[in-house]
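This briefing covers selected local features of one protein chain. Please read it alongside the sequence and the coordinates.

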Amino acid sequence: MVLKAFFPTCCTSADSGLLVGRWVPEQSSAVVLAVVHFPFIPVRVKELLAQVQQASQVGVAVLGTWCHRRQEPEEGLGRFLEGLGVIFFHEPWLQLCRERGSTFWSCKAIQRSTPPGVPSEDQVMLVFYDQRQVLLSQLHPPAALPDHQAGDAPASAGGLAAVFDTVARSKALFSSDRFDEGPVRLSHWQSEGVEASVLVELAKQAAGPACLLLSFLLSLLSAMAACRLFRLWPLPFICSKLSTCEQVRHRLGQLSLVFSTQKAENPTQLMRKANVLISVLLDVALGLALLTWLHGKDRIGQLADALIPVADRVAEELQHLLQWLMGAPAGLKMNRALDQVLGRFFLYHIHLWISYIHLMSPFIERILWHVGLSACLGLTVAVSLLSDIIALLTFHIYCFYVYGARLYCLKMYGLSSLWRLFRGKKWNVLRQRVDSCSYDLDQLFIGTLLFTILVFLLPTTALYYLVFTLLRLLVVAVQGLLHLLVDLINSLPLYSVGLRLCRPYRLAAGVKFRVLEHEAGKPLRLLMQINPLPYSRVVRAYRLPSCGCRPKLSWSSLCRKLFFGELIYPWRQKGGKQD
């Protein structure tokens with residue numbers, strides 16, 4: 001039987017002593033965590049192991065002995081190490097020995113309770129691992145391990161979860177210092193001691209009351225926002241359609257998570273809280289940079305002075321477009337009466353909109369100043385407010401689109417119903433299907449007359465619908481780019497990506513083994529190295545939730561809606577359905 005012994009690389013030069021660790025019977029492997037140095041009192045060692053086992057819930061025990069012969073071997077050292085197996089009984093009992101001036105080790109696993117005639121020693125495969133990296137790393141499921149180098153043997157993360165879990169939960173053992181004047185002296189990756197900064201300790205002490213106060217203020221603000229006054233119609237409807245309200249609600253949720261006094265239950269929750277904190281800090285920093293740029297050299301006044309001429313230019317271009325449509329656009333012969341009615345109707349709306357813009361012109365600079373001031377809450381809030389302002393400034397285009405879409409949709413559904421009439425069919429509303437139906441001569445005559453009228457009026461309506469739909473899609477595309485920027489800042493796990501860049505071993509996707517020196521008759525020695533998680537999996541695994549108020553339409557669904565004249569909204573409708 002071959003046993004695996006996971007040995008920390010930081011203990012390869014440690015003095016002789018006892019091997020302290022955990023035995024994993026499912027994998028027939030021993031995880032060495034530390035080396036207890038001579039001299040020691042066995043009772044104190046057992047007390048230390050009991051304390052560690054109670055604090056970490058890990059079955060820590062003395063697995064065997066460690067012999068490092070720096071000088072000529074002493075005569076009584078071998079017998080003394082063999083006698084320790086009586087005091088600290090463990091099955092199997094490991095005996096690791098490193099000879100002076102040799103790269104090969106002596107490894108034995110003695111079974112004392114074997115019956116006569118059965119070999120009492122097992123073969124041992126020695127696996128070296130970096131204790132610090134394994135302790136600080138988080139092992140992920142082996143969904144898509146990265147490509148390994150030639151000559152290395154990759155290993156699944158599932159089989160080594162017990163090794164990573166043992167090292168991660170044994171922090172109570174690593175908290176002791178090698179140079180402490182205690183009864184037990186250990187050697188592990190923290191053997192040089194742990195130094196804590198006074199400022200860091202003071203910050204930790206002050207973080208609790210500060211988080212408690214901020215959490216109370218956020219809960220008070222949420223209670224004020226949930227009062228009955230804000231539930232009166234149409235405030236809930238307007239707030240659900242404004243991107244600024246959705247982003248402010250999302251930011252309150254982020255701050256509540258960051259300043260929550262409840263500790264994270266697992267590393268995933270801790271990573272999410274760190275990602276949210278870094279995302280909020282970056283958002284606020286970008287917002288302050290934008291605010292500084294806007295208030296420098298009176299850029300807000302310059303934007304306010306340029307906004308009215310731009311609005312007039314847009315209205316003028318729309319007037320030219322409508323006058324072109326009222327003539328013979330691209331040589332097409334339109335229905336003169338319907339063309340004039342639609343053109344004058346839309347021109348009247350443009351005149352109303354120009355009057356509204358000039359009426360609001362004295363307040364434009366003050367509005368832009370408040371928009372820039374909202375950048376203190378973050379760049380995402382300012383961008384969401386900019387998206388809402390674009391929606392308000394292009395409200396006349398939205399009205400044109402709705403009028404044209406409703407009229408076009410009415411004609412399309414009328415033509416489809418009349419087409420079923422010619423074929424002797426009708427739409428069954430109760431069964432939601434097309435059934436056969438018999439019509440008399442008068443019904444067929446009226447249907448033919450209406451079908452002819454709708455067909456000849458359809459090109460004029462379809463042209464207006466096509467033009468204003470393109471304008472509406474242009475506005476929605478601009479808003480979509482702004483929403484994409486907001487979602488990118490809200491959902492990108494910056495802390496996880498930075499951790500993968502600076503300390504790739506912290507996010508482990510698995511391990512690989514590299515064979516060290518191997519000689520016949522000597523135990524096999526392997527070096528365990530951590531495979532870092534790919535960047536794509538890091539983003540996928542730790543991606544933060546965004547506002548999620550925008551619909552996700554497929555291209556087929558979007559084309560169907562555009563063809564039949566159904567309205568396209570940049571937000572989700574009630575019940576997850578589109579209007």
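What share of residues 443-467 is helix, what share is strand, and how far apart are the end C-alpha atoms? The stretch is 100% helix and 0% strand, with its end C-alpha atoms 35 Å apart. The model is predicted, and the points below are grouped by topic.

**Annotated segments and helix geometry**

- The unreviewed UniProt entry places the feature "transmembrane region" at residues 276-294, 341-359, 371-394, 443-467 and 473-497.
- One of these segments, residues 276-294, is 100% helix and 0% strand in the model, and its end C-alpha atoms lie 27 Å apart.
- Helix α14 covers residues 395-422; because its 28 residues should span 40 Å at 1.5 Å a residue, the distance of 41 Å between its end C-alpha atoms agrees with expectation.

**Strand β4 and its partners**

- Strand β4 spans residues 60-68, and eight of its nine residues are buried, which leaves the strand mostly covered.
- On one side of the pairing list is strand β2 (residues 17-24), which pairs with β4 in the antiparallel sense over six bridges.
- Within that topic, glycine 17 has tryptophan 66 of β4 as its bridge partner.
- Strand β5 (residues 93-98) runs parallel to β4 and is joined to it by five bridges.
- Glutamine 95 in β5 stands opposite threonine 65.
- In a regular strand, side chains alternate between the two faces of the sheet.

- Serine 28 has a phi near 50 degrees, a positive value in a residue other than glycine.
- Serine 28 sits in the loop between β2 and β3 (29-37).
- With a relative accessible area of 14%, serine 28 is under the 20% cut-off and therefore counts as buried.
- Glutamine 57 also shows a positive phi in a residue other than glycine, near 55 degrees.
- The loop that holds glutamine 57 runs between α1 (42-56) and β4.
- Glutamine 57 has a relative accessibility of 59%, so this residue counts as exposed.

**Nonpolar surface patch**

- Leu213, Leu214, Phe216, Leu217 and Leu220 make a nonpolar surface patch of about 470 Å².
- Leucine 214, one of the patch residues, is found in helix α6 (residues 198-225).
- Leucine 214 has a relative accessibility of 34% and so counts as partly exposed.

Conventions: Residues are numbered from 1 along each chain as its sequence is written. This is a predicted model: local features need pLDDT of at least 70, side-chain atom pairs count only at pLDDT 80 or more; totals for chains, interfaces and linings use all residues. Side-chain values use heavy atoms; hydrogens and water are left out. UniProt positions are given in the numbering used here, feature names are shortened, and annotations may be inferred rather than shown by experiment. Helices (H or I, at least four residues) and strands (E, at least two) are DSSP runs, numbered from the N terminus. Patches are made of residues with over 30% relative accessible area and no salt bridge: like charges are joined within 9 Å, nonpolar side chains (Val, Leu, Ile, Met, Phe, Trp, Tyr) within 5 Å. Accessible areas come from the Shrake-Rupley method with a 1.4 Å probe; for residues, only the protein chains shown count as cover. A salt bridge is a side-chain nitrogen of Lys or Arg within 4 Å of a carboxyl oxygen of Asp or Glu. Buried means under 20% relative accessible area, exposed over 50%, partly exposed in between (1.4 Å probe, protein chains only). Two strands pair if DSSP finds at least two bridges between them. The expected span of a helix is 1.5 Å times one less than its number of residues.
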